[in-house]
Structures are given as structure tokens and as C-alpha cells.
Number of protein chains: 2
Amino acid sequence: MKVLVIGAAGMIGRKLCERLLKDGRIGGADIDELVMVDTVAGDLGAGVTFARHAVVDLAQPDAAAKLIAPRPDLIFHLAAIVSGEAERNFDKGYAVNLDGTRALFEAIRAIADYKPRIVYTSSIAVFGAPYNGAIADDFFHTPLSSYGTQKAICELLLADYTRRGFFDGVGIRLPNICVRPGKPNAAASGFFSNIIREPLAGREAVLPVADSVGQTHASPRATVEFLLHGATLDGERLGARRTLMMPGVPASIAEQIEALRRVAGDAVVARIRHVPDPAIMAMVAGWPASFATPRALALGFKPEASFDDIIRTHIEDDLGGAFVS
Amino acid sequence: MKVLVIGAAGMIGRKLCERLLKDGRIGGADIDELVMVDTVAGDLGAGVTFARHAVVDLAQPDAAAKLIAPRPDLIFHLAAIVSGEAERNFDKGYAVNLDGTRALFEAIRAIADYKPRIVYTSSIAVFGAPYNGAIADDFFHTPLSSYGTQKAICELLLADYTRRGFFDGVGIRLPNICVRPGKPNAAASGFFSNIIREPLAGREAVLPVADSVGQTHASPRATVEFLLHGATLDGERLGARRTLMMPGVPASIAEQIEALRRVAGDAVVARIRHVPDPAIMAMVAGWPASFATPRALALGFKPEASFDDIIRTHIEDDLGGAFVS
């Protein structure tokens, strides 16, 4: 089968592609061709013959049509202008996140007798306060950012194009991804990962909010599993509601810290410094944090069992099995 | 103040314009200019000096910019390709209902220091089965038509453009409008109006579903009141959720018929003929029919008190006060 990954150079995109390159197959079928696309160039794993990289900007005219011309059987669409940039640059956010995605959908629709599976990643940014307890599968979308608006719109388009038979779409709405590897992120939500990743690397981390703040987490490894499961799921089981909120591990900051203590010890935890930031605290108060996800669980999507597991996964996958104790 | 009505030749558009022409003012302010726009030409009330008609297709390039150039203070955007046509013609539905609306929003955004009130009409087609009792203000949107998808997307855009300060948007999501004047409608939902309007005019009407089928109704007159109230409402009171589900009168078909009997007598009711249509019955089963609308009620939107009142309003407004007994 032919697989196309759009947004292959992002954090999840890279991990997904590494997995596809390693497995060489998905859902029982061999991958004959893997095309990994992003707006920047990437590297291939050594010795891989069925894969290639391409530099493509989905917001450019005809870019989508050229990508789709070889008729990939399976398309992962992970590409997006991130939240902060989409808020700063209104036109760019809409051009890429909405119009780029719609161009992709239209390029698929333009080919007769072609109905690929498309796996689209959405975000909890589709939700906005006030909440009424844990956010249920049938809770209203009130994006409080242009990024969240664009994601909510594309969820609607994904469902309509699927209903009309133009493709077979599955939306994967991700909880907070933790632990993010790499450098501390400029995103306001970066502290959820920073307070785990930095201390494990021997560096100090700043916690800008109260330790009672809660969030729902999935590791990058679990996220890749969500995407692979979404790629092979029987679409008929989804009915008209094509995007699924993924399950995760609910944890307060205090629970994250206690998990870190259990996995890595007191000395590591001592590297977290609490420096309250009223601006971040105010933002966090409106974030969606708690989800009831019976549909995804019933369809076989699996969260980690505990935040301890999320930390161990980070140590295995991103730290080569060791941390600075 | 300057008022622009887009979609002025439709059933609600005409009634709204008649009301604006008659009142000559809205929310305590005189109307200095009323521009009534549609894709077809219309007639003006006699002796009106502050109003003019224009034939404009919002889906054409620059159409929106030209409409907005005089900077209307208040814009009613009622124009849409209706449900059945948007389903038959995918491109046309998206071009008008999504891209036309977005072009209007963009034309407003393009003018600095201009922030009009825009009243946008949405539809219960944003909802789709399964429901969990009465549809609440925070219930998920699952459109089961391209028309409903386009309406749901424009609700999201309305909220984002408002949040960003480009205009001050209010979305009015309408229940079933009943009694629709004019000829029997080809729409599958036409029977809700047909069984009242046709017997009152001395003609036979066909009822294609069981009389246990329920729906929520507002008269055209109440609908115009919704739009006028939406035009003058303090936007701050809406918060981030800019579209409101309007309240209506819940009634089963049996209750509609008993109301007709009370208002018009047995002889009129005897003109309803029950001819079950399995295709229509199957469609109706998935329609949203019952709504809890605490937000709109708290904000002062008023439904009729009973279905009897809805029938009396039809007789007054559309039949000159008399019916065929």
C-alpha cells in the first residue's frame, strides 16, 4: 500500500514515520511506498528503499493535487500552523489550517473512483469554557482561538466529505501530548512537559501554575498508536461522527510530580522550581482538561495506564533508557 | 443608521424588510438607508425613500466588498442555498453558503475601524442523531447534510471573527418555521406547514407521517422578532458563544391538528388526509425536534405561547384575517 504523511517533520510526524519505516507494514499490509511531506526537508532512515521525502507547502496552488496524483491508499494529515502562530497571523492560519486542508480534501474529491482513508489530527482547542464537568463526546465546540476554530471546521469538513463518499475520514482529537522531547517549548502549555523532561535531563524547570492544575495526557508513543489504530479502524463503526476524542491519563501537576518522584527520585523532583505566572495561570483556567471518552475506548483506542508509564516511555523512547538522577 | 439585508427576497427576508420599511427605525435609531439584496430583483413598498433593492450574488468576486463599502451599521445575512439544492450541488452549496459568507466576513475585516453588528441565520440542520433527550445549548454539532455542515462552519467563523474584533456577530439558529405562506413546499419538512395552511385555504393537505411526530415551531412573525432582537442585543452578554438556539413551541402533529380544530373547526381539520410515506417517515426520524433553550430565553427571545397562536398569526399576517371554514 501507498502511505502519505503530511506534516512529517513535526514531533509526532517524525515519530510516526520512524515507526512506519521500522515496521514496513500497517494493518497487515506491506508499505510499498511511503511519502513523507513537510514544508522543510527531513532525513530518511538508513537503508530504506520504499520511502522518500518531499518539501511541499499545502497552501500553494496545485500542491495538494500533485501530492494526491499517485493515489495514496492512506493519508495522515498532521500538518498545521500551531496555535500561537495562527493567533498572531490570522491569514496564514486560515490559509494553511483551513484552506490547505480543504485543498487536500478537494484534490481527493477530484479523482473519480478513489476513496482513501485519511487520518486527520484535531485538537482539544476545539473546546472552550465554560465546561460542565468532564467534556463528553457530545459536548459543544467553542474554540477560543483561531487555531481551534480551524480544527473544528476541518472536523466538520472531514465528516461531510466522508458522508458524501469522497474519502473515508477518521479524526483523531488528541489530549495534551506529554512528555514532549526536545527543548522547552514556547507554548503556554509547555510546562506540563518541561517539569518532567528538564529535571530528568539534570536541568531546572519552572512551574508557573498551582500544582492543583489538572490535564489529560498521552505520550508521543501512545499518540502514534492512536494514529495507527485510526488508520486501520473500520470506518463504518464511526457512523456520522468521524472525529474521536482520544483517551488519556488524567493527572494534576501534583500527581505528575509524585509520579516523577516514584520513577526518578527526590533529587530529580527537587529541580522543579515554582514561579507563579499570573498570565499563564489565567490562560490555564479556561483550558479543557478533563474528558470522558467512551466512544474511543469502545473502539479500541488505549491510553497509558498511569502517568508513571508516561514518564517511563519518555525515558525509553527519548533518553535512551537513562536519566540524570 | 444604515441597514443591509442580504437574502431579502426569501420568505423571512421579505417579512423582515416589510417590517423595517413599516417601522422606519430599529432599536431606537432611525433607519437612514436600507439596502435589500438578493440574487433576484424585488419590489419596494410604495412611498419609501430610504430603501433600495440591489441584485447581488455574494459568491461572485468583489460582490461582498462592494456591498460593504458604504459601511452599513447593521447587516442581516439570511442568504443561502437551501438544504436540498446544497445536497444536490456540492460545489454551489459550498460556494454560496460557506465561501460567500466568508467573503462577506473578509470584506468587513478588510475595513479598518469598522465593526458592524451582523445577524446571521443558522439552522437546526447543524444537529444530527443520535440525540440524548432535548437538544441543549451545549450539544455537539453533527450535521447530516452539506447545508448543515456549511451552517455549522459559519457559526464557528462568526464566533472567531467576533472574538478577534472584526465585527460584532450574533447567530440566530431557527427552529422549524411554521406556518410558511405560499405554495406547498418541495422540502421534506413542508408537511408541518402544509397541514395548517392548505386546509385554511379550503384545499386538501397530505400528512405523510404519524401524528405522534413532534417538532418545535416559530411563526414567521416570531422569527422576524428574533432577528430584530438579535440586531439590538448587547453582544457582551453572549460571551464566546455567539449563536443562540431560538425558543419555539413544541408540538406533535396531533397537537398541531387539535390546535387547528380549536382555531378553525372540524370542517377545516377534515381536509387533512393521512397518506403515510415511508421515505419521509425515515428522514423525519433523524431530525432534531426538541430543544432546551435557556440561554435565548434568558436573553429575552420570546416564543409564541401556543400552537393556536401560531395559527392565528398566520391567519392575521398571511390570510388577511379570514380562512375558508
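At what angle do the axes of H6(A) and H8(A) cross? They cross at roughly 20° and come within 10 Å. The model is a predicted one.

## H6 against H8 in chain A

An angle under 35 degrees counts as roughly parallel. H6(A) is therefore roughly parallel to H8(A). The crossing, as H6(A) passes H8(A), is right-handed.

Which residues make this contact? From H6(A) come A:Ile195, A:Ile196, A:Pro199 and A:Leu200. From H8(A) come A:Gln256, A:Leu260 and A:Ala264.

## The H8 helix itself

H8 of chain A covers residues 253–264, twelve residues in total. From first C-alpha to last it reaches 16 Å. That is close to the 16 Å expected at 1.5 Å a residue.

Which residues of H8(A) are buried? They are A:Ile253, A:Gln256, A:Ile257, A:Ala259, A:Leu260, A:Val263 and A:Ala264. Looking down the axis of H8(A), these buried residues fall within an arc of 160°, so they line one face of the helix. Their cover includes three helices of chain A: H6 (191–200), H9 (266–269) and H12 (307–318). Strands S10 (205–207), S13 (249–252) and S14 (272–274) of chain A are also among the covering elements.

## H8 against H12 in chain A

H12(A) meets H8(A) at another angle: their axes cross at roughly 55° and come within 9 Å. The two helices are therefore oblique to each other. Their crossing is right-handed.

On the H8(A) side, the contact uses A:Glu255, A:Gln256, A:Ala259, A:Leu260, A:Arg262 and A:Val263. On the H12(A) side, it uses A:Phe307, A:Asp308, A:Ile311 and A:Arg312.

## H1 against H7 in chain B

Now a helix pair in chain B. H1 (residues 11–23) and H7 (residues 220–232) of chain B pack at about 65°, with their axes 10 Å apart. Angles from 65 to 115 degrees count as roughly perpendicular. H1(B) and H7(B) are therefore roughly perpendicular to each other. H1(B) passes H7(B) in a right-handed crossing.

Which residues make the contact? H1(B) supplies B:Met11, B:Ile12, B:Lys15, B:Leu16 and B:Arg19. H7(B) supplies B:Pro220, B:Thr223, B:Val224 and B:Leu227.

Is B:Phe105 buried or exposed? B:Phe105 counts as buried, with 24 C-beta neighbours inside 10 Å. This residue sits in helix H4 (residues 90–109) of chain B. Leaving aside residues up to four places away in sequence, B:Phe105 touches B:Leu157 and B:Tyr161. B:Phe166 is 61 residues from B:Phe105 along the chain, yet their C-alpha atoms are separated by 8.2 Å.

A:Ala80 is buried too, with 24 other C-beta atoms within 10 Å. Its place is the loop between strand S6 (74–77) and helix H3 (83–88) of chain A. A:Ala80 touches A:Gly7, A:Val96 and A:Asn97, again not counting residues up to four places away in sequence. A:Asp277 is 197 residues from A:Ala80 in sequence, and 28 Å from A:Ala80 in space, C-alpha to C-alpha.

Most residues other than glycine have a negative phi, and most peptide bonds are trans. Which residues go against the phi pattern? A:Asp62 is not a glycine, but has a positive phi of about 70°. A:Asp62 lies in the loop between strand S5 (51–55) and helix H2 (63–68) of chain A. A:Asp62 is exposed, with 10 other C-beta atoms within 10 Å. B:Arg71 also has a positive phi, near 55°. B:Arg71 is in the loop between helix H2 (63–68) and strand S6 (74–77) of chain B. B:Arg71 is exposed, with 12 other C-beta atoms within 10 Å.

Where are cis peptide bonds found? One joins A:Cys178 and A:Val179, with omega about 10°. A:Val179 lies in the loop between strand S9 (176–177) and H6 of chain A. Another joins B:Ala129 and B:Pro130, with omega about 0°. B:Pro130 is in the loop between strand S7 (117–123) and helix H5 (146–163) of chain B.

Notes: Residues numbered from 1 in each chain as written. Chains lettered and ligands numbered in written order. Predicted model: local features only at pLDDT ≥ 70, side-chain atom pairs only at ≥ 80, totals over all residues. Helix = DSSP H or I, 4+ residues; strand = E, 2+ residues; numbered from the N terminus. Expected span 1.5 Å × (residues − 1). Buried ≥ 20, exposed ≤ 12 C-beta atoms within 10 Å, placed from the backbone. Arc of directions from axis to C-beta. Contact = placed C-beta atoms within 7 Å. Axes fitted to C-alpha atoms, helices over the stretch in contact; angles between N-to-C directions. Parallel < 35°, antiparallel > 145°, perpendicular 65-115°, else oblique. Left-handed = near helix turned anticlockwise from the far one by under 90°.
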